[in-house]
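Reader: I've got a protein model open and I'd like to learn how to read it. Could you walk me through a few features?

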Amino acid sequence: MPLSLPLDMADDAAKTAFFEKCRELGGNLTNNTPMLELGGKFYTQSTAIVKFVCARGGLVARRGTYEVDNIIAHVEDLRPICYKTIKFLGGVMEKEEFVDKSEMHLRNLERLLGEKQHFVENRMTAADICVYDLLDTMIETQVPGHLASNFPRLAAFRERMGQVKGIAAYHVTEQHKKLFAFPAI
């Protein structure tokens, strides 16, 4: 059975079959998502995929590999807090606690961005992609307007990244529209 995309995350049977196939193709017992197939080879693990794609697309840091990894680690420190708010994943964290627990992480990311357009070497890297993904798919969807009200540099960064040609084009596809968006809290 080939992987069927776009996947409608609201269709439980399709979702179950999809994740079973991902476990088979990815070669281990987890869902292996996200997963990238390129030339018949399957790549798994979010950060590894982002870094792989960025390397293939020329979006690598010339001298700042530590800085890229450092920013990605900051993103990964905040991501588990975001998941704790998602009820259908068993999350129980309420909005006020989320805002409180995420604040120091968001302030840190804003400090690291500073007045720059990008996090590392003033050019787009995997660090920017990872921060954008977190801000766009988790922070802004879970607490709409929170970035603009409290973290203006991160809000502006998110807006700029959303206008990048490839990102903007993806956001209007059926594949993106059918992904299950995390609900506001």
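This is a predicted model: local features need pLDDT of at least 70, side-chain atom pairs count only at pLDDT 80 or more; totals for chains, interfaces and linings use all residues.

Reader: Which residue does Arg 107 form a salt bridge with?

Author: Here's the general idea: side chains of opposite charge can pair when their charged atoms come close. In this case the partner of Arg 107 is Glu 103, and their closest N and O atoms are 2.7 Å apart. Both sit in helix H4, four residues apart, so about one helical turn separates them. Glu 103 is partly exposed too, with 27% relative accessible area.

Reader: Is Arg 79 buried or exposed?

Author: Buried means under 20% relative accessible area. Arg 79 has 11%, so it is buried. Glu 76, at 32% relative accessibility, counts as partly exposed.

Reader: What about a pair that links two helices?

Author: Look at Asp 69 and Lys 51, whose side chains meet in a salt bridge at 2.5 Å, N to O. Asp 69 belongs to helix H3 (residues 65–83) and Lys 51 to helix H2 (residues 46–56), so this pair ties together parts 18 residues apart in sequence. Asp 69 is partly exposed at 37% relative accessibility, and Lys 51 is partly exposed at 33%.

Reader: How many salt bridges does a search of the whole structure find?

Author: Nine.

Reader: Okay, now helices. At roughly what angle do the axes of H4 and H7 cross?

Author: For a crossing, you look at the angle between the two axes. Here, helix H4 (residues 95–113) and helix H7 (residues 152–162) have axes that come within 8 Å and cross at roughly 70°. Angles of 65 to 115 degrees count as roughly perpendicular, so H4 is roughly perpendicular to H7.

Reader: Which residues make the contact?

Author: H4 brings Leu 106, Leu 109, Glu 110 and Leu 113, while H7 brings Pro 152, Arg 153, Leu 154, Phe 157 and Arg 160. Sorted by class, the contact of H4 with H7 has six nonpolar residues, three charged ones and no polar ones.

Conventions: Residues are numbered from 1 along each chain as its sequence is written. Side-chain values use heavy atoms; hydrogens and water are left out. Axes are lines fitted to C-alpha atoms, for helices over the stretch in contact, and angles run from 0 to 180 degrees between N-to-C directions. Angles under 35 degrees count as roughly parallel, over 145 as roughly antiparallel, 65 to 115 as roughly perpendicular and the rest as oblique. Contact means heavy atoms within 4.5 Å. Ala, Val, Leu, Ile, Met, Phe, Trp, Tyr, Cys and Pro count as nonpolar, Asp, Glu, Lys and Arg as charged, and the others, Gly among them, as polar. A salt bridge is a side-chain nitrogen of Lys or Arg within 4 Å of a carboxyl oxygen of Asp or Glu. Buried means under 20% relative accessible area, exposed over 50%, partly exposed in between (1.4 Å probe, protein chains only).
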